[in-house]
Amino acid sequence: MTEFSARDHAHMARALQLAERAAFTTQPNPMVGCVIADGDVVLGEGWHVRAGEPHAEVHALRAAAGRARGATAYVTLEPCAHHGRTPPCADALVAAGVTRVVAACRDPYHQVSGQGFAKLQAAGITVEYGLMEAAARHLNRGFFSRMERGRPWVRVKLGMSLDGRTALASGESKWITSEAARADVMRWRARAGAIMTGIATVLADDPRLTVRLPGGEDFVPPLRVVLDERGRLPALSQVLTDGLAPTLVVHGEDVVPDYDDEVRAFAVRRVDGGLDLSAVLSQLAQRGVNELQVEAGATLSGALLKAGLVDELLLYVAPVLLGERARPLFAGIDPATMAERIGLKLVETRQVGPDLRLLLAP
């Protein structure tokens with residue numbers, strides 16, 4: 001196993017910081033950062049900003065302005081070796097004369113995986129990888145999920161009261177959490193490739209499911225996905241009429257929905273009294289969705305959790321009580337014994353305004 005120096009760690013940590021700057025704009029591509037260095041001296045930095053535009057290595061080499069010969073390139077993901085919408089980054093590194101490339105991890109994409117490293121090594125460049133790999137994979141957990149599992153990374157967002165309720169018995173839920181919490185949710189939406197909800201939420205609230213960031217911050221509008229099992233989505237729903245982001249509707253394969261001809265939709269089979277959620281996720285992955293944020297009621301949230309399809313739970317807890325008649329966090333979760341309970345790992349806790357934000361993993 002390669003022994004990496006403290007200097008190597010410092011440069012890779014910086015590359016990871018750079019990569020994260022494009023969390024809202026790279027979809028469906030992964031976030032990638034690159035640092036070109038000669039010892040402790042940084043010659044150039046760069047990150048991949050948007051799909052179809054130059055990759056991180058190209059930006060860093062341009063910043064190095066011809067001084068990269070004999071230097072080391074630190075990159076958070078294996079340099080690409082194929083012609084996509086941009087030329088291969090491996091070729092650019094070879095042409096620039098770098099003598100060593102340190103990568104955090106191998107690219108899981110079949111047209112790159114191992115081939116970028118092989119091209120560099122064939123040119124006489126020393127290649128080492130595995131430095132801060134866990135951090136790099138976590139940064140691009142959606143991309144790795146889509147490449148390796150064939151489905152997006154699924155994050156379920158919910159707001160609840162201290163007594164575990166998400167709405168009054170009447171369905172009223174505006175607003176349980178604070179304005180600060182709702183603003184925080186926007187940043188999570190912005191990094192998602194799609195936001196999914198169920199038809200019940202659309203019928204009750206007519207949400208827009210859009211990203212609203214302050215200060216003109218750049219982002220790629222996430223795809224809006226509505227699970228409309230029986231084809232009940234109203235033609236005047238905001239997700240169909242506001243033009244602020246694309247919308248995709250999913251319905252049962254035995255239904256002929258009365259959507260407008262311009263509505264994008266696809267059908268999946270029914271299983272266990274509902275839509276085949278695994279098939280939905282597979283279809284979204286094929287459409288380039290890395291991270292899927294689910295903002296729905298107890299039925300869809302509970303079905304995803306029960307099916308083992310939730311990777312991350314983003315939970316905002318407001319210091320209020322809604323009472324025993326209010327609606328629960330998840331439906332369909334009914335363990336008969338303590339041994340059957342669903343355990344969650346607390347990943348992060350943060351106060352957002354008056355509310356508590358919990359990030360949990362099943």
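This is a predicted model: local features need pLDDT of at least 70, side-chain atom pairs count only at pLDDT 80 or more; totals for chains, interfaces and linings use all residues.

A charge counts as sitting over a ring if NZ of Lys or CZ of Arg is within 6 Å of the ring centre and within 35 degrees of the ring normal.

Q: Which residue lies over the face of tryptophan 47?
A: The distance from the ring centre of tryptophan 47 is 4.7 Å. The residue placed there is arginine 21.

Q: How far from the ring centre of tryptophan 175 is the charged end of arginine 182?
A: The charged end of arginine 182 sits over this ring. Its distance from the centre is 4.4 Å.

Q: Is the aromatic pair of phenylalanine 117 and tyrosine 129 stacked or edge-to-face?
A: The search of the whole structure finds two aromatic pairs. In the pair of phenylalanine 117 and tyrosine 129, the centres are 4.8 Å apart and the planes are at 20°. Planes under 30 degrees apart count as stacked, and over 60 as edge-to-face. The pair is therefore stacked.

Q: Is tyrosine 129 buried, partly exposed or exposed?
A: Buried means under 20% relative accessible area and exposed over 50%. Tyrosine 129 has 39% relative accessibility, so this residue counts as partly exposed.

Conventions
Residues are numbered from 1 along each chain as its sequence is written. Side-chain values use heavy atoms; hydrogens and water are left out. Rings of Phe, Tyr and Trp (its six-membered ring) pair if their centres lie within 6.5 Å; planes under 30 degrees apart count as stacked, over 60 as edge-to-face and the rest as tilted. Buried means under 20% relative accessible area, exposed over 50%, partly exposed in between (1.4 Å probe, protein chains only).
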